[in-house]
Amino acid sequence: DVLVVPYFHALDCRLATWRRGKWARRCQNAELPLHLWLYLGHYSAATAARHLFLASIEPHNMHLSIVGQPWVMSIGPRLGDGPGGHLLVPFLVTDEAFQPTAWPDLAH
């Protein structure tokens, strides 16, 4: 079984920045990552690897309590060494020059 945790991490960071009036690395001003676990009734050390966190922010901006989870899906690449189980969702690129059809030689 997989337990999906849709967490609007980017929105939480932006709201925390607005409330406190300044940006902090790794979303340190956000309080929800510290209290999120109370709302996850099935989360424990034994089930952590079954939770897929859908984080809407780049890993280098994530709160450490989120980026350190065994299974995270995020936007953009993770910088540095981290735990396994990180799934990458590339940024949406609509520029025709960057589409696979722009390189016919690579299609073979």
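Tutor: Start with a term: buried means under 20% relative accessible area, exposed over 50%, and partly exposed in between, with a 1.4 Å probe and protein chains only. This is a predicted model, where local features need pLDDT of at least 70, side-chain atom pairs count only at pLDDT 80 or more, and totals for chains, interfaces and linings use all residues. Residues are numbered from 1 along each chain as its sequence is written, and side-chain values use heavy atoms, with hydrogens and water left out.

Student: Ok. Which residues of α1 are buried?

Tutor: His9, Ala10, Asp12, Cys13, Ala16 and Thr17. Helices are DSSP runs of H or I, at least four residues, and strands are runs of E, at least two, numbered from the N terminus.

Student: Where do those buried residues fall, seen down the axis of α1?

Tutor: They fall within an arc of 165°, so they line one face of the helix. The arc is that of the directions from the helix axis to the C-beta atoms.

Student: And what is exposed on the other side?

Tutor: Leu11, Trp18 and Arg19.

Student: What covers the buried face?

Tutor: The cover includes β1 (3-7), α2 (32-35), β2 (51-55) and α3 (64-67).

Student: What follows α1?

Tutor: Gly21, with a positive phi near 80°.

Student: New topic. Which residues touch the most other members of the largest nonpolar core?

Tutor: Leu36, Phe53, Met62 and Ile66, out of 16 residues. Such a core is a set of buried Ala, Val, Leu, Ile, Met, Phe, Trp, Tyr and Cys residues joined through side-chain atoms within 4.5 Å.

Student: Which element gives the largest share?

Tutor: α1, with three residues.

Note on methods: Contact = heavy atoms within 4.5 Å.
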